[in-house]
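Hi,

Here is the structure I promised to pass on. Have a look at it first, then read my notes below.

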Amino acid sequence: MEFTELIRNRESIRNYDPDRPVSRVVLEKILEAGRIAPSACNDQPWLFLVIQSAAMLEAVRACYGRQWFKDAPQILVVVGLKDQAWVRSYDGYNSIETDIAIAFTHLMLAAENEGVGTCWIEAYDPKILRKALDLDESQVVFGITPLGYPRAGFVKKGEKTRKTLKEIVRYL
C-alpha cells in the first residue's frame with residue numbers, strides 16, 4: 001500500500017474475530033517492522049511479546065475488561081528496557097518512551113499494511129499486566145494492542161477528525 005494511503009486508512013479497531021488468528025508469517029512481517037525501527041544510539045531497548053497461548057491470553061486479558069479486547073486471538077505487548085536505553089548526559093533524559101513510541105508505530109503501521117487490526121491501549125491495569133508477564137523493575141510496558149482480523153461484515157469508519165495544518169504548524 002502506498003504510505004499516505006496506509007496512514008490515512010489505519011484506525012483503531014475494536015472488533016476481532018476470535019477464530020481467525022494471525023499467521024506466523026504475517027506476525028513476523030509485523031515484528032520485523034518493529035525490529036528495524038530506529039532508536040537512540042541504535043540501542044533497541046525493547047521486547048515484543050506476542051501473547052497467544054490460552055493460559056497467557058487469559059492472564060493478560062485480565063488487565064483490560066473490554067469484550068472486544070478479549071475476542072482478539074493475539075495480543076502484542078511492547079516492553080521497554082529502561083536500563084538499556086540511551087540517556088542524555090546533560091539532564092538524565094532517558095529515550096525509552098521515544099524509542100518505544102517509534103517501534104510501536106512501526107508495528108501498527110505494518111499490521112495495517114497486512115490487513116491486521118490494532119488498537120494502542122493504555123487504559124490497562126499495569127499491576128495485573130506486570131504480574132501476568134513477570135516483568136522486572138527495568139522492564140516497562142508502554143502499550144499493548146490486540147492483533148487480529150475484524151469479524152465478517154465489519155466496516156471501518158473511514159474518517160479522521162484532526163486539527164488543520166494551520167492550527168498545528170509554525171514556520172519560523
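First, some ground rules. This is a predicted model, so I went by its confidence scores: local features need pLDDT of at least 70, side-chain atom pairs count only at pLDDT 80 or more, and totals for chains, interfaces and linings use all residues. Residues are numbered from 1 along each chain as its sequence is written, and side-chain values use heavy atoms, with hydrogens and water left out.

**Helix H3**

Find helix H3, residues 54-61. Helices (H or I, at least four residues) and strands (E, at least two) are DSSP runs, numbered from the N terminus. Which residues of H3 are buried? They are Leu57, Val60 and Arg61. Looking down the axis of H3, you'll see these buried residues fall within an arc of 95°, so they line one face of the helix. (The arc is that of the directions from the helix axis to the C-beta atoms.) As background, an α-helix has 3.6 residues a turn, so residues three or four places apart point the same way.

On the face turned away from the buried side of H3 sit the exposed residues Ala55 and Glu58. "Buried" means under 20% relative accessible area, "exposed" over 50%, and "partly exposed" in between (1.4 Å probe, protein chains only).

And what covers the buried residues of H3? The cover includes strands E1 (46-51) and E2 (74-81), plus helices H4 (67-71) and H6 (126-133). Contact here means heavy atoms within 4.5 Å.

**Salt bridges**

The whole structure has six salt bridges, each a side-chain nitrogen of Lys or Arg within 4 Å of a carboxyl oxygen of Asp or Glu. Here are some of them.

- Arginine 151 and aspartate 71 pair up at 2.9 Å, N to O. Arginine 151 is in the loop between strand E3 (139-147) and helix H7 (165-168) and aspartate 71 is in helix H4, so the pair ties together parts 80 residues apart in sequence. Aspartate 71 is buried at 14% relative accessible area, while arginine 151 is partly exposed at 37%.
- Lysine 156 and glutamate 112 meet at 2.7 Å, N to O. Lysine 156 is in the loop between E3 and H7 and glutamate 112 in helix H5, so this pair ties together parts 44 residues apart in sequence. Glutamate 112 is buried, at 8%, and lysine 156 is partly exposed, at 27%.

Cheers
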